[in-house]
Amino acid sequence: MGRAPSGRAIRCKSSLRCGLSAAIPHARKFCIQKIKIMSTRTADYTIQGFIYQFIVTFHKLLVSVNDEEITVEGIIEDIDITTPTGQEAIQCKYHESKQKFTLSTIYKPVLQMLCHYKKNPTANIKYRLHAHFPNETVGSNKVLTKEELDSILESKAVDLKTYITELSGFKGGNEFLKRFTIEFGASLADTEKTVIVCLSSEGFTTEDVTEIFYPNAIHTIAELSIQHEENKRKIKKTAFLNELRKKKKTAISRWTKELQSYEKLLTQRRKQLYNILQENTRKRAIVLDTHYLSGSEDKIPMLMKEYIDKYNNKIRLHQCPVFSLICNEGTLNKIWAALNTKKMRVERGIVAGVFDINHFLREPMKSFKDGGNVEFNMKLCNHDNDFETVLTKEDFDDLLLISDKKFPFEEQVTCNIEKIKTSEFNEIRYLLSLTKTI
């Protein structure tokens with residue numbers, strides 16, 4: 001937990017963090033996985049807490065000065081900001097459902113900070129709790145009294161027992177209170193608006209800020225938060241914004257899905273993809289992660305058919321696409337069989353029971369008589385077994401990746417890569433312009 005007293009730390013915590021320390025990056029991964037089995041309402045509040053954290057983090061970055069170094073999910077707290085004068089450790093709690101602040105809602109973050117202070121009493125650290133309560137005045141502060149701190153330390157709550165036991169006999173509470181302040185922050189929606197204004201003032205056009213740069217920034221911060229190596233979670237304002245300016249594709253992910261303008265983001269991303277997809281002669285591979293699309297195997301063949309019907313129906317112009325499926329061979333064969341029942345002509349590349357790359361990549365025979373006919377209109381391969389070979393032999397213009405994975409080849413190929421990080425089929429179909437509405 002200890003750090004050299006040369007930085008400022010910010011920690012953002014939702015009220016439902018599964019009881020895990022956010023200072024441990026892999027703990028957040030566990031929390032994210034646990035969201036999947038929570039009730040819808042609980043999951044909504046949990047994800048809101050995460051999103052609020054990332055938005056507040058980005059705001060702190062935008063208002064930072066002298067290119068201070070920020071570590072997302074730092075050693076002390078969620079974010080460390082290095083300054084010449086010391087450290088400021090901040091946690092965030094989002095309580096949209098609680099109208100009024102009560103002491104009991106902050107027991108845990110106060111105890112966590114106090115435990116850190118006990119171990120680092122000489123470090124130059126200021127502790128801040130950034131909390132949103134609907135009826136509290138935005139921008140106002142509250143200082144805890146000694147009586148309130150004693151009340152927290154006397155709690156009998158089971159989930160606080162470890163912290164209270166660790167603090168047994170500790171006499172440094174008064175000094176801690178001199179360093180601790182509660183800051184009442186704006187709602188998620190209002191904080192989002194503030195960040196967009198701040199980002200616009202950095203030279204980004206307002207329209208692009210809303211539809212491209214802001215969602216990309218939140219997505220990037222969220223992805224940084226789960227990196228294991230601390231040096232990979234370090235950012236500075238100037239470098240971060242310079243990289244942000246290079247991103248011209250709207251990020252669609254589990255994080256941007258929770259932003260206020262998600263439907264607008266889908267529309268913007270659809271336009272970006274359409275500009276690529278409408279070009280007739282491009283060679284494309286579509287990577288479909290059936291694990292990411294789990295529970296929807298019956299929808300995958302229909303999605304593939306709809307894609308072929310739209311983007312491989314002009315036999316003189318269109319290039320036969322490659323579909324690379326991330327799944328076992330049994331699942332691939334089921335999808336292949338389903339495609340066959342839908343009258344799709346599939347080239348699997350199997351010769352005498354073995355995948356033959358030359359046979360797989362050959363051009364289909366075409367007849368232009370009587371309206372035209374083609375030998376096959378899609379190529380299908382097993383991603384884990386075959387795709388690496390395919391990439392070494394074929395020069396694609398576009399790779400469409402429907403998955404939330406980071407693939408090694410993304411850093412190796414020179415072709416255009418389009419990632420679709422949503423497992424909702426209606427959204428995928430909308431993004432690919434296979435349907436006009438979500």
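Asp289 has Ile326 as its bridge partner in strand E10. The model is predicted; local features need pLDDT of at least 70, side-chain atom pairs count only at pLDDT 80 or more, and totals for chains, interfaces and linings use all residues. Residues are numbered from 1 along each chain as its sequence is written, and side-chain values use heavy atoms, without hydrogens and water.

Strand E10 spans residues 322-326. Helices (H or I, at least four residues) and strands (E, at least two) are DSSP runs, numbered from the N terminus. E10 and strand E9 (residues 284-289) run parallel, joined by five bridges. Two strands pair if DSSP finds at least two bridges between them. Four bridges join E10 to strand E16 (residues 378-382), again in parallel. There, Leu325 stands opposite Asn382 of E16.

E10 is mostly covered, with five of its five residues buried (under 20% relative accessible area; exposed is over 50%, partly exposed in between; 1.4 Å probe, protein chains only). In a regular strand, side chains alternate between the two faces of the sheet. Val322, Ser324 and Ile326 are buried on one side of E10, and Phe323 and Leu325 on the other.

Elsewhere, helices H3 (residues 107-119) and H4 (residues 146-153) have axes that come within 10 Å and cross at roughly 95°. Axes are lines fitted to C-alpha atoms, for helices over the stretch in contact, and angles run from 0 to 180 degrees between N-to-C directions. The contact (heavy atoms within 4.5 Å) involves Tyr107, Val110, Leu111 and Leu114 of H3. H4 contributes Leu149, Ser151, Ile152 and Leu153.
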